[in-house]
Amino acid sequence: LLLKDADKALQWGPVSVMEKKNTPPSGDKHDYMSLAPYHWPNPDTKDGLPYIRKDGQTNPEVKEYKDKEYLPKLCGDVHTLALAYYFSGENKYAAHAAKLMRVWFLDTATRMNPNLNFGQAIKGHNTGRGAGMIDTRHFVKLIDAIGLIEQSKSWSEQDEKGMKVWFSAFLNWMQTSKNGIDEMNAANNHGAWYDAQRLSMALFIGDKAAANKIVLNAADRLDKQLDANGYFPKELER
C-alpha cells in the first residue's frame with residue numbers, strides 16, 4: 001500500500017507558489033497567500049468589501065490561490081515518498097521527494113519566501129492574519145521526511161543546508177512578526193500547532209536550547225487548554 005501511494009506521488013508535481021492566479025499585496029508571487037475560506041464578497045457594497053463571514057460555506061475564490069491546496073499535498077507526498085525510500089531502498093522515491101522540495105523551497109525562480117504574511121487573508125479587513133499559520137502545520141511532516149532521505153544520493157549537503165537556512169528564516173519570522181506572535185498567543189489548537197511547528201524546526205536546525213524552551217512552553221500551554229476532565233473547551237465550543 002505504501003509503495004502504491006508512493007508510485008502515485010511520483011506522478012505529481014513539482015508545484016510552486018508561482019502558480020496562483022492572483023498576486024499578494026506585496027506584489028511578489030513568491031509570498032505564500034491564502035484566503036479565509038468562509039468569507040465572501042459583501043452584497044451590500046459595490047466593491048464587495050469588506051468581506052462577510054458565512055461559517056461553513058467555502059468561497060470558491062479560495063481556489064484562485066493554489067498555495068493552500070498545494071502545500072499540504074506537497075508535504076504529504078514528500079513524506080510518503082521518503083517512507084517508501086527508507087523501507088524499499090529505491091532511490092527514485094527520494095529523488096522525486098528532493099525535486100518537489102527544491103522547486104517549492106530552494107530554486108530561485110520558484111521558491112516560497114520564508115514568511116506567512118498573507119495567510120488566510122480576509123479582504124477589506126486584513127491582508128493576512130496569525131490564523132494563517134495553521135496552513136503550515138504540514139511542515140512537521142515534511143521535516144520528518146528530510147531525515148528519512150538524508151542518506152540518499154539524491155539529497156545533497158547543499159540541499160540540506162538550503163532547507164536549514166529556509167527553516168531558520170521561517171522560524172525567525174514566526175517568533176518576531178505580528179502574525180506569528182498573534183498565533184503564539186492563540187488559546188486554542190492554533191497555539192498548540194504553533195508550538196509543534198516551531199519545535200520541529202528548532203530540532204531540524206539543531207537549536208537544542210530553543211527546543212527545550214518550546215517543550216516547556218507547550219506543556220504549560222496544554223495545562224491551560226485542558227480542563228479538569230481532560231477536555232479542550234475551546235475546541236468543544238466549535
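This is a predicted model: local features need pLDDT of at least 70, side-chain atom pairs count only at pLDDT 80 or more; totals for chains, interfaces and linings use all residues.
I took helices (H or I, at least four residues) and strands (E, at least two) as DSSP runs, numbered from the N terminus. Residues are numbered from 1 along each chain as its sequence is written, and side-chain values use heavy atoms, with hydrogens and water left out.

**Entry 1. Backbone geometry**

I looked up P50 and placed it in the loop between β2 (39-40) and β3 (52-53). The peptide bond that joins L49 to P50 is cis, with omega about -10 degrees. I noted a cis peptide bond between G13 and P14 as well, where omega is about 0 degrees. P14 belongs to the loop that runs between α1 (2-9) and β1 (33-35).

I then turned to Q120, a residue of strand β4 (residues 118-121). Its phi is positive, near 50 degrees, and the residue is not a glycine. For background, most residues other than glycine have a negative phi, and most peptide bonds are trans. For burial I used relative accessible area: buried is under 20%, exposed over 50%, and partly exposed in between (1.4 Å probe, protein chains only). Q120 counts as buried because its relative accessibility is 9%.

Is E61 buried or exposed? I recorded E61 as buried, because its relative accessibility is 13%. E61 sits in the loop between β3 and α2 (67-88). With neighbours within four places in sequence left aside, I found E61 in contact (heavy atoms within 4.5 Å) with L35, P41, Y51 and K123.

**Entry 2. Salt bridges**

I counted a salt bridge where a side-chain nitrogen of Lys or Arg lies within 4 Å of a carboxyl oxygen of Asp or Glu. The search of the whole structure gave 10 salt bridges. One of them joins the side chains of D67 and K20, at 2.7 Å from N to O. This pair links distant parts of the chain, 47 residues apart, with D67 in helix α2 and K20 in the loop between α1 and β1. Both D67 and K20 are buried.

I also examined R53 and D55, whose closest N and O atoms are 2.9 Å apart in a salt bridge. Here R53 and D55 are both exposed.

In the salt bridge of E160 with K164, the closest N and O atoms are 3.7 Å apart. E160 and K164 are separated by about one helical turn, because they lie 4 residues apart in helix α5 (residues 157-176). E160 is buried, at a relative accessible area of 15%, whereas K164 is partly exposed, at 31%.

**Entry 3. The second largest pocket**

I worked on a 1 Å grid over the protein atoms alone, where a pocket is an open set of points that a 1.4 Å probe fits, with protein on both sides within 12 Å along at least five of seven lines; lining residues have an atom within 4 Å of a point. The second largest pocket holds about 210 Å³ of space, a volume being the space filled by probe spheres set on the points, which are joined across faces, edges and corners.

Which residues lie nearest its centre? Of the 11 lining residues, I listed A186, A187, R221, K224 and Q225 as nearest. Helices α8 (208-225) and α9 (233-236) each supply at least two lining residues, and α8 gives the most, with 5 residues.
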